[in-house]
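Some notes on the model, as requested.

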Amino acid sequence: METLLPTSVQIPKVLTIAGSDSGGGAGLQADLKVITALGGYGMSVITAITAQNTLGVTRIQDVDLDVVEAQMDAVFSDIGVDIVKIGMLASPEIVQIVAKTLRKYGIKKVVLDPVLRATSGASLGGDDTAQAIIKELFPLALLVTPNMDEVSLLLGRDIAGPDEFKLAAQELSEMGPQAVLIKGGHLDSTHTQITDYLMWRTIEDNLEVVLSKEFKHYRVKTANTHGTGCSLASAVATYLAAGHDLSHAVAKAIAYVEAGLEAGRFLSIGEGPGPLWHMHDFYPTALVDEKEKR
């Protein structure tokens, strides 16, 4: 009997290589929510298990190197990927095995979120890990997406604000990635406007040129910001896998996270800073109207 259904439907395949967040707001749990919400097929390689909630990180257990490699082999050898998003890699050894396996399979599209410190201040990787990321993964990256604290760790000096983003992006770009997105959301709350700065290399008329763009947007007034960095990088990766160009993918990802922060203002999850609401397009949140309470 003939079927009217197509024999093959292709959707963007996005692999996240990251740590697990037991609280579900960040890490690979957030990545998979974003990928799914934006129409991609999400896959995961767990690099570490964290005991984590809205109040902070209490314990980290690295996954054995051979298990990390086996997870990557399993995905690449059968399913394949359109793009890889990398988050928390807690040791230089894990960085090295991830880079080795990416090179083995010739992976060309990598969005790297160099997660080195949790929002709570907990260390998720020391200086040795930062240097390994620069050496092993920056040259493989299509895009790196550090926040201000991570830029400071990677460059070895404090970054005070947007006026320093251009020079910082240039220095990071010289370390090998094709593009750099510096996120400005870690400025203190007195700054009501956020600036994200994108710098990328491209080819025009057979010559390499460097382009840049600032994305300015107003800060959403909410304490629920857990997982914003993971979510932004995953959104960029999914939009890139769907065929958007880099600048457009970044703009759409910022808009997605903004909408998630806005919707997340009304959520009560945990006793500390909760997550943004990744599924805002499917399950809107709103405060109950005062009249309905009576």
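1. Contact here means heavy atoms within 4.5 Å. The model is a predicted one, and the points below should be read with that in mind.

2. Helix pair, geometry. Two packed helices are described by the angle between their axes and the distance between the axes. For helix H3 (residues 92–104) and helix H4 (residues 127–137), the axes come within 8 Å and cross at roughly 10 degrees. Angles under 35 degrees count as roughly parallel, so H3 is roughly parallel to H4. The crossing of H3 past H4 is right-handed.

3. Helix pair, residues. On the H3 side, the contact is made by Pro92, Val95, Gln96, Val98, Ala99, Leu102 and Arg103. Their partners in H4 are Asp128, Thr129, Ala132, Ile133, Glu136 and Leu137. Sorted by class, the contact of H3 with H4 has eight nonpolar, two polar and three charged residues.

4. Burial of H4. The buried residues in H4 are Thr129, Ala130, Ala132, Ile133, Ile134, Glu136 and Leu137. What covers these buried residues of H4? The cover includes H3, strand S4 (83–86), strand S5 (110–112) and helix H5 (148–155).

5. In soluble globular proteins, nonpolar side chains tend to be buried together. The largest nonpolar core in this model has 44 residues, of which Ile17, Val84, Ile86, Val98, Leu102 and Leu137 touch the most other members. H3 supplies the largest share of this core, six residues. A second, separate core has 32 residues, including Ile83, Ala179, Leu232 and Ala237.

6. Isoleucine 17. Leaving aside neighbours within four places in sequence, isoleucine 17 is in contact with Val45, Thr47, Met72, Val84, Lys85, Ile86, Gly87, Met88, Leu89 and Val98.

7. Glutamine 71. This residue lies in helix H2 (residues 65–78). Is glutamine 71 buried or exposed? Its relative accessible area is 19%, and the cut-off for buried is under 20%, so glutamine 71 counts as buried. Apart from neighbours within four places in sequence, glutamine 71 is in contact with Ser44, Val45, Ile46 and Val63.

8. Arginine 157. The position of arginine 157 is in the loop between H5 and helix H6 (165–173). With a relative accessible area of 30%, arginine 157 is partly exposed. Beyond its neighbours within four places in sequence, arginine 157 is in contact with Ser152, Leu167, Ala168 and Glu171. Arginine 157 and alanine 168 are 11 residues apart in sequence, and their C-alpha atoms are 10.0 Å apart in space.

How values were computed: Residues are numbered from 1 along each chain as its sequence is written. This is a predicted model: local features need pLDDT of at least 70, side-chain atom pairs count only at pLDDT 80 or more; totals for chains, interfaces and linings use all residues. Side-chain values use heavy atoms; hydrogens and water are left out. Axes are lines fitted to C-alpha atoms, for helices over the stretch in contact, and angles run from 0 to 180 degrees between N-to-C directions. Helices (H or I, at least four residues) and strands (E, at least two) are DSSP runs, numbered from the N terminus. Angles under 35 degrees count as roughly parallel, over 145 as roughly antiparallel, 65 to 115 as roughly perpendicular and the rest as oblique. A crossing is left-handed if the near helix is turned anticlockwise from the far one by less than a right angle, and right-handed if clockwise. Ala, Val, Leu, Ile, Met, Phe, Trp, Tyr, Cys and Pro count as nonpolar, Asp, Glu, Lys and Arg as charged, and the others, Gly among them, as polar. Buried means under 20% relative accessible area, exposed over 50%, partly exposed in between (1.4 Å probe, protein chains only). A nonpolar core is a set of buried Ala, Val, Leu, Ile, Met, Phe, Trp, Tyr and Cys residues joined through side-chain atoms within 4.5 Å.
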